[in-house]
Amino acid sequence: MTSARIVVLGGDGIGPEVTEAALHVLGVAAKRGGKSFETRDELLGGIAIDATGEAMPERTREACVAADAVLLGAVGGPKWDDPRAKTRPEAGLLGLRKAMGVFANLRPVRLHAALADASPLRRDRIEGADMVFVRELTGGLYFGTPKGRAVENGVERAFDTLVYDQNEIERVVELAFRLAAPRKKKVTSVDKANVLESSRLWREIAVKVGARHGGISLEHQLVDSCAMKLLTHAKDFDVIVTENMFGDILTDEAAALAGSLGLLPSASLGEGPRGLYEPIHGSAPDIAGKGLANPVGAILSAAMLARHSLGWTDEAAAIERGVDVAIAKGARTRDLGGTLGTREMTNAVVDAMSQAA
Ligand code: NAI
Ligand code: MG
């Protein structure tokens, strides 16, 4: 097999530190599995604005759409926060998602038993929780039109539109069902069908897609009650699929359950195997350049990359096991109350991978 092609967008702040760590771990797993990949570094975010004036230079776009997968660190930071600036780092991320056609954002939230005390929930409520959010990423309230402002009779108004067509719903729900198949075989579709027409269509399509997937159960939850059940019944969830803004809010709530932002990965997927992978945390300017960042979110993102874009199932599982074993043995960066730096934590995962094998 030819080498997989991975574009690496380190980005800003701790981004380059954590992507380097993730590629190191991926390299170890690949080598063991007799696989190979090549990387190409490109610019995105603040670092790209400084170098080219644009948050997503054309060269970056071209490289990403031609790659098998893209691994991203984080973008943004105080240096580029001037509200009067012509372009902002986040514009690069939005542009990239659009260019890559990724319409589903996957966020697994799993609580490691050894870290249950880092969760704001009681151990018995959270231990064993293992869910994946599938958030629709390119439609819904954040992108619907008309959106804007108007003045009527001297009164200022502002409006946004929550709109979906059946195809946008179908493709993201279909992805959720496929993810549920090798898991606990349960899809929770989250909407606000008691109020919103777009949610009633969402529900109809979810039922239709569900009918194609025998053996996988489908339940519907209203978004407000889902927000509550994440706290009271976290262990009942498996795959959760929802609208863009609902997903934005619920995924942050769920991330808090896991204890540290630094642990959680994400993937953004479209129709084909190509995807965009990034830890959920930001550029953490307060610890950037100090070698203190927790690399686990990025390492687990690389595992998702191996699984979803390269089909390297064994390598992905080996990385995930390595993280589990390292944490079980007490490896902790500072955000988890430990003393390890980025490099030491990365080495702990690599060591654990050989022991786990
Ligand atoms: P943040 O996630 O960068 O940091 C929040 C807190 O968590 C900080 O105290 C930070 O030190 C800590 N933290 C984050 N990741 C960590 C890690 N891997 N290891 C140890 N500690 C970690 O969020 P914040 O401070 O709101 O945003 C900082 C910048 O990042 C902003 O410019 C923001 O726009 C950007 N950002 C970018 C994202 C992306 O690229 N997808 C996502 C979120 C924020
Ligand atoms: Mg958010």
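For the counts of residue classes used in these legends, Ala, Val, Leu, Ile, Met, Phe, Trp, Tyr, Cys and Pro are taken as nonpolar, Asp, Glu, Lys and Arg as charged, and the others, with Gly among them, as polar. The model shown in every view is a predicted one.

View 1. To the contact between them, domain 1 gives ten residues and domain 2 gives eight residues. On the side of domain 1 that touches domain 2, at least two residues come from α4 (89–100), and at least two come from β11 (265–269). Sorted by class, that side of domain 1 has seven nonpolar residues, one polar residue and two charged residues.

**View 2. Strands β1 and β2 with the helix α1.** Strand β1, which takes in residues 4–11, pairs in the parallel sense with strand β2, residues 37–41, and the pairing runs over five bridges. Within this pairing, Val 8 is placed opposite Asp 41 of β2. Together with helix α1, which spans residues 15–32, the strands β1 and β2 form a β-α-β unit that is right-handed.

**View 3. Gly 73 in strand β3.** Gly 73 belongs to strand β3, which covers residues 69–74. Gly 73 counts as buried because 31 C-beta neighbours lie inside 10 Å, where 20 or more are required. Although Gly 73 and Leu 9 are 64 residues apart in sequence, their C-alpha atoms are 6.3 Å apart in space. When residues up to four places away in sequence are not counted, Gly 73 touches a set of residues that includes Leu 9, Gly 10, Gly 11, Ile 14 and Gly 15, and also Ala 298.

**View 4. Strand β4 and its two antiparallel partners.** Strand β4, made of residues 104–110, is mostly covered, since six of its seven residues are buried. With strand β5, residues 130–136, β4 runs antiparallel and is joined by seven bridges, and here Val 109 stands opposite Met 131. With β11, β4 again runs antiparallel, joined by three bridges, and Asn 105 has Ser 268 of β11 as its bridge partner.

View 5. The peptide bond that joins Thr 145 and Pro 146 is cis, with an omega of about 5°, and Pro 146 has its place in strand β6, residues 144–152. In the loop between β6 and β7 lies Asn 153, which has a positive phi of about 50° although it is not a glycine. Asn 153 counts as exposed because it has 5 C-beta neighbours inside 10 Å, and 12 or fewer is the condition for that label.

**View 6. Asp 160 in strand β7.** Asp 160 lies in strand β7, which covers residues 155–161. Asp 160 is partly exposed, because 15 other C-beta atoms lie within 10 Å. Leaving aside neighbours within four places in sequence, the contacts of Asp 160 are with Leu 141, Gly 144 and Lys 147. Gly 210, by contrast, is 50 residues away along the chain, and its C-alpha atom is separated from that of Asp 160 by 30 Å.

View 7. Lys 185 is found in the loop that lies between α6 (166–180) and β8 (186–191). The phi of Lys 185 is near 60°, which is a positive value in a residue other than glycine. Because 14 other C-beta atoms lie within 10 Å, Lys 185 is partly exposed.

**View 8. Arg 332 in the loop between α11 and α12.** Arg 332 has its place in the loop between α11 (313–328) and α12 (342–356). Arg 332 counts as buried because it has 20 C-beta neighbours inside 10 Å, and 20 or more is the condition for being buried. Not counting residues up to four places away in sequence, Arg 332 touches Gly 337, Gly 338 and Leu 340. Lys 186 is 146 residues from Arg 332 along the chain, and the C-alpha atoms of these residues are separated by 32 Å.

How values were computed:
Residues are numbered from 1 along each chain as its sequence is written. Chains are lettered from A and ligands numbered from 1 in the order in which they are written. This is a predicted model: local features need pLDDT of at least 70, side-chain atom pairs count only at pLDDT 80 or more; totals for chains, interfaces and linings use all residues. Two residues are in contact if their C-beta atoms, placed from the backbone, lie within 7 Å. Helices (H or I, at least four residues) and strands (E, at least two) are DSSP runs, numbered from the N terminus. Two strands pair if DSSP finds at least two bridges between them. A crossover is right-handed if, with the strands pointing away from the viewer, the path from the first strand over the helix to the second runs clockwise.
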